[in-house]
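This report describes selected features of one protein chain.

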Amino acid sequence: MGFVNLSEKTISAKLVYYGVGLGGKTTSLKVVHGLMCPRDEVKLVSINTEQDATLLFDFLPIDLGLIDGFKIRIQGFTVPGQDKYVTMRRYVLQGADAVVLVVDSQRSRIEENLRSIEDLKRNLAANGLDFDKLPLVFQYNKRDLDDLVPEDELDRLCNPRGAPSFSTIATEGVGVLDAFLESVGLMVDQKVRQYGLGRGEIDPAELAEEAKTRIRSITDELADEARRAGREETENAGGLVHLTVSDEVGQETLADYEAKLEGPELGEELLPAGEAAADLIATDDDLDAIEYLEDRVDEGAASPDLDLFDEELDFDSEGMLDADELELVEDEDLALAPAAGRGEEETADSAALEAIGETNELLGQAINSNIEMAGLYAELAEYKQLLEKKNRELVEVIQLITHDLKRPLTVFKTVVGLLGKGHLGPLNERQGEAVHNATESVSYMEDLLLDILEASRLDYDGVQLEFAEVDMTQLVGDILRKLKYQIDESQVRVRVEPLPCIRADGDALTKVLMNLIGNAVSYHNPKAQQPWIRVEHQETEEEWVFEVSDNGLGIPEESLSSIWQKFERGANTREITGTGLGLYIVKQIVLGHGGEIQVQSKVGEGTCFTIRLPKVPVLAKHSPLA
């Protein structure tokens with residue numbers, strides 16, 4: 001059953017989509033995922049099999065509200081429908097809280113559907129679950145095709161217990177959400193009763209209806225948002241996260257057992273130590289080995305007085321033998337008078353069959369491990385969602401604080417400016433120096449606030465760019481005019497080669513080059529005979545290459561990789577004011593253009609920043625946690 005996390009006060013419920021292969025289970029799950037997560041913020045996880053796939057997505061972002069202080073979350077699975085995956089279906093059903101049984105409505109598949117229902121009953125029983133009591137919903141799928149079985153006949157054949165049923169066309173999303181909501185309602189009702197939530201003051205049925213209404217409201221809102229953004233309602237923007245279970249057999253398969261029986265190593269283990277459990281699934285290549293063992297029994301390899309099996313062996317199309325169906329029974333007289341010459345063969349046969357059972361047990365462990373791994377991925381995805389939410393809240397706080405700080409800072413800057421210009425009375429030399437220092441501090445604070453605001457926007461919203469034709473020569477000229485005071489004061493000589501017109505975001509590149517040229521001015525080497533800065537470019541077939549170089553202080557080698565991070569600066573620049581955010585912003589803007597930026601530097605000799613921009617810029621995708 002679903003588990004309770006007391007520390008986080010959550011109750012997790014498990015919903016399994018079950019049915020024949022290619023009947024619409026996976027499509028139904030994808031529809032639900034698309035409706036609940038149209039932006040693909042929660043990934044589907046796939047445990048691949050040979051021809052089918054077992055899918056699961058992590059905890060759905062559905063807020064069912066707090067019940068007695070506990071939050072209920074849902075985890076959805078599908079099972080592979082082919083006959084050969086009986087073991088995987090059994091393991092996926094462990095702890096199921098509800099099942100959506102997807103029935104293929106075509107008359108040609110009615111027998112397969114009935115076998116699937118019987119298979120479900122057996123596998124539920126093997127997991128200690130009761131088919132007649134477990135919350136169950138039927139999906140009569142593919143109702144858009146020909147040669148359909150009428151719904152009342154499907155009810156009579158498949159649904160004698162009268163469970164809720166829905167007519168669906170999973171490929172079009174028709175009816176899938178209704179079936180999902182019904183299963184959620186049944187699970188919520190069950191959980192409230194099972195754990196005694198609400199201390200008897202809550203009607204489980206009313207709460208179930210409330211949960212269904214809330215989910216439908218969520219999907220309607222997301223669908224409206226998707227339509228406004230021009231997306232299809234069930235679009236899955238991302239794709240699957242894959243976890244693979246191999247269908248291949250390891251080096252030692254059942255086909256090798258015949259050689260084992262003939263060989264001298266009868267006392268050794270039939271399965272090598274450390275063999276990967278996921279690689280021990282019998283395939284078609286092993287049918288000869290299975291048939292060989294059956295023939296040995298039929299030909300009298302065992303004594304007529306020994307019933308080797310208490311019922312006929314049931315091998316599936318892939319040679320998978322269920323160890324739970326084997327039961328060796330020994331005739332009492334056999335122990336006294338074993339058939340002559342048969343003892344060794346019987347021992348070998350029994351050892352081989354025992355090895356098959358061990359193989360299935362190892363397979364089960366492998367499947368369970370993969371399901372647990374997918375569950376851990378689910379928890380990780382949930383924490384990622386929580387982190388994104390906290391990140392947005394932090395960005396909003398930063399923007400609010402920055403906005404509130406700018407107002408008094410502007411007033412302070414104005415007053416200091418009036419003092420410095422003598423409009424509030426004459427200043428002596430000491431007072432003038434103090435006002436000058438205050439002016440620089442205000443400018444630094446203003447730059448810091450602007451950089452923090454810009455960095456926070458980049459963190460969450462990514463780089464928002466509008467590409468147009470940009471005259472790079474004019475752009476750099478405008479930057480030099482704005483930096484004229486600092487350039488003259490530092491006595492730096494700036495040389496700008498003729499630059500091309502390119503397609504880019506002019507405002508964004510202004511921030512990039514303002515930062516790089518401004519840093520070159522601020523970090524010029526006062527010991528250099530003539531400080532200089534050069535801005536030049538090269539052209540290749542597919543990109544523009546711009547270089548901003550100088551003969552300034554240089555960046556220590558140990559700092560070259562860290563300078564792109566927020567609040568990081570070169571180890572030799574501590575005495576020079578700076579926010580440590582500029583190069584972070586520069587890199588994000590360049591990456592946003594689909595380009596890259598590199599740096600080469602040597603302390604005492606200078607630095608060269610190289611920017612590569614594609615001639616046809618492509619706005620890079622952004623992740624809030626990138």
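In what order do the five strands of the open sheet lie? In this predicted model, the order is S12-S14-S15-S17-S16, and the pairing is mixed. The edges are taken by strand S12 (493–496) and strand S16 (596–602); each has a single partner strand, so one side of each is left without a neighbour in the sheet. On average, neighbouring strands of this sheet are turned by 15° against each other, direction ignored.

At one end of that order, S12 and strand S14 (residues 532–539) pair in the parallel sense over four bridges. Within this pairing, Val494 has Ile533 of S14 as its bridge partner. Helix H13 (residues 506–522) packs on the sheet and touches S14, S15, S16 and strand S17 (606–614). The direction of H13 makes about 170° with that of S17.

**Nonpolar cores**

The largest nonpolar core has 41 residues, of which Leu513, Leu516 and Ile611 touch the most other members. Two or more residues come from each of helix H11 (472–482), strand S13 (501–504), H13, S14, S15, H14, S16 and S17. H13 gives the most to this core, with eight residues. Leaving aside neighbours within four places in sequence, Ile611 is in contact with Val512, Leu513, Leu516, Trp544, Val545, Phe546, Val590, Glu596 and Ile597. A second, separate core comprises 30 residues, including Leu44, Ile72, Leu177 and Leu197.

**Helix H1**

Helix H1 (residues 25–36) has twelve residues, which at 1.5 Å a residue should span 16 Å; the end C-alpha atoms of H1 are 17 Å apart, in agreement with this. Is H1 mostly covered or mostly uncovered? It is mostly covered, with nine of its twelve residues buried. These are Lys25, Ser28, Leu29, Val31, Val32, His33, Gly34, Leu35 and Met36.

**Individual residues**

| Residue | Relative accessible area | Class |
|---|---|---|
| Leu22 | 66% | exposed |
| Ser116 | 10% | buried |
| Lys142 | 19% | buried |
| Ser559 | 5% | buried |

Leu22 lies in the loop between strand S2 (10–19) and H1. Its phi is near 60°, a positive value in a residue other than glycine. Leu22 counts as exposed because its relative accessibility, 66%, is over the cut-off of 50%.

A positive phi, of about 65°, also occurs at Lys142, although Lys142 is not a glycine. This residue is found in the loop between strand S8 (136–141) and helix H4 (151–158). Lys142 is classed as buried because its relative accessible area of 19% is under the cut-off of 20%.

Ser116 is found in helix H3 (residues 110–126). Not counting residues up to four places away in sequence, Ser116 touches Tyr18, Gly19 and Val20. With a relative accessibility of 10%, Ser116 counts as buried.

Which residues does Ser559 contact, leaving aside its neighbours within four places in sequence? They are Arg569, Gly570 and Ala571. Ser559 has its place in the loop between strand S15 (543–550) and helix H14 (582–592). Ser559 is buried, at a relative accessible area of 5%.

Definitions and conventions:
Residues are numbered from 1 along each chain as its sequence is written. This is a predicted model: local features need pLDDT of at least 70, side-chain atom pairs count only at pLDDT 80 or more; totals for chains, interfaces and linings use all residues. Side-chain values use heavy atoms; hydrogens and water are left out. Buried means under 20% relative accessible area, exposed over 50%, partly exposed in between (1.4 Å probe, protein chains only). Contact means heavy atoms within 4.5 Å. Two strands pair if DSSP finds at least two bridges between them. Axes are lines fitted to C-alpha atoms, for helices over the stretch in contact, and angles run from 0 to 180 degrees between N-to-C directions. The expected span of a helix is 1.5 Å times one less than its number of residues. A nonpolar core is a set of buried Ala, Val, Leu, Ile, Met, Phe, Trp, Tyr and Cys residues joined through side-chain atoms within 4.5 Å.
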